[in-house]
Amino acid sequence: MSVSHGSKLNKSVREQYMKLPQGNQALVTYVWIDTNGEALYCKTRTLDHEPSCIEDVPEWIMWKDLNSDMYLIPVEMFRDPFCLDPNKLVMCEVMKYNRKPAETNLRHTCKTAMEKVKDFHPWFGMEQEYTLLGINGHPFGWPKNGFPGPEGSYSCGVGADKAYGRDVVESHYKACLYAGVKICGTNAEAMPSQWEFQVGPCEGITMGDHLWMARFILHRVCEDFGVVATLDPKPMAGNWSGAGCHANYSTEAMRNAGGLKYIEEAIEKLRKRHNYHICVYDPHGGKDNYRRLTGQKGTPMIHEFSAGAGKCGISVRIPHQVSQEGFGYFEDRRPSANCDPYAVTEALVRTIILNETSSETREKN
């Protein structure tokens, strides 16, 4: 297995320095989404005191090219599980030199939508699937010149021949809990070396903030182990499962008695705007999901909308418990693993509550 050189460094040497006192100062690591809408970047600065709230963290300028700067605008603060207290991780929006949102800053319009629907109290939970790779791009734990046994025994599996990379998974889980990310579960997935973690329930804009930070922490944990986490929706061609980021959604009305009526009404609205949602459910306008949503391996066909109770190979699923009790939530199974959660959650509330698309809103603005 090909692992990074950094993972081979003596970590006990690092610990000597991590234990040194730092006075009243705090390290604050700014995290942002880069211009491709998928990659995360970071840089760290020193503050002369521990910030107690996001307002204590100043904006920062990021040099983009010879002609312009970009502004990093702090929006959500977390504890730093790598440098420990009093140090912080800060999720940032990116603004252009003219203070307008960068092209990949989808948080800006998402927040606008969430403010409009706050009285509906929309809750989200997202199920992030990912695959562990060596730095050579080969799935972690797979034979060098072949394939592992076929799928069927890996999902939620236990044992060295079934679970590849659990140390990474559990380290990520604990790091998220320390940070304050609303992580709520994890499990091995259908393809060996493929895993899932869940974030939520989160209300409104919090969903995107916490999932992006959970992704950042995952990549940082993988650095220590010398492996790579990919969010590619179809990391291995052929008869292997793809990777999604299923979105669970409800409003206050759906969660109360008789809520199934509102769930069914919402699903009908989603049916009418299927093509729009496919376009925003991966960062490349549906091209990534085209490889994943094939009607195989528990996925629906990309061009066909389907819904029902309990089934997995459909666009939108109502859990059996919800259909029996008559209230709860539904699961949109279409978002790809590399989706932008801001785009997904915004699309859901605009279609279901506001009866408009985010593209329509951007045209108005």
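First, a term: on a 1 Å grid over the protein atoms alone, a cavity is a set of points where a 1.4 Å probe fits but cannot get out, and lining residues have an atom within 4 Å of a point. Keep in mind that this is a predicted model: local features need pLDDT of at least 70, side-chain atom pairs count only at pLDDT 80 or more, and totals for chains, interfaces and linings use all residues. Residues are numbered from 1 along each chain as its sequence is written, and side-chain values use heavy atoms, with hydrogens and water left out.

So, the cavity. There is one of 30 Å³ or more. The lining is I33, M91, C92, E93, V94, T104, N105, R107 and Y342. Strand 5, residues 88-95, gives the most, with four residues. Strands here are DSSP runs of E, at least two residues; helices are runs of H or I, at least four; both are numbered from the N terminus.

Next, the largest pocket. A pocket is an open set of points with protein on both sides within 12 Å along at least five of seven lines. This one has a volume of about 470 Å³. It is lined by 22 residues, and R14, E15, P81, F82 and D224 lie nearest its centre. Helix 4 gives the most to that lining, with five residues.

A nonpolar core is a set of buried Ala, Val, Leu, Ile, Met, Phe, Trp, Tyr and Cys residues joined through side-chain atoms within 4.5 Å. Buried means under 20% relative accessible area, exposed over 50%, partly exposed in between, with a 1.4 Å probe and protein chains only. The largest core has 70 residues, and M91 and I217 have the most contacts inside it. Helix 4 gives the most to this core, with 10 residues. Apart from it lies another core of 14 residues, including V57 and C92.

Last, cysteines. How many disulfides are there? Take a disulfide as a pair of cysteine sulfur atoms within 2.5 Å. The count is zero. C110 is buried, at 0% relative accessible area. C176 is buried too, at 0%.

How values were computed. Grid points are joined across faces, edges and corners, and a volume is the space filled by probe spheres set on the points.
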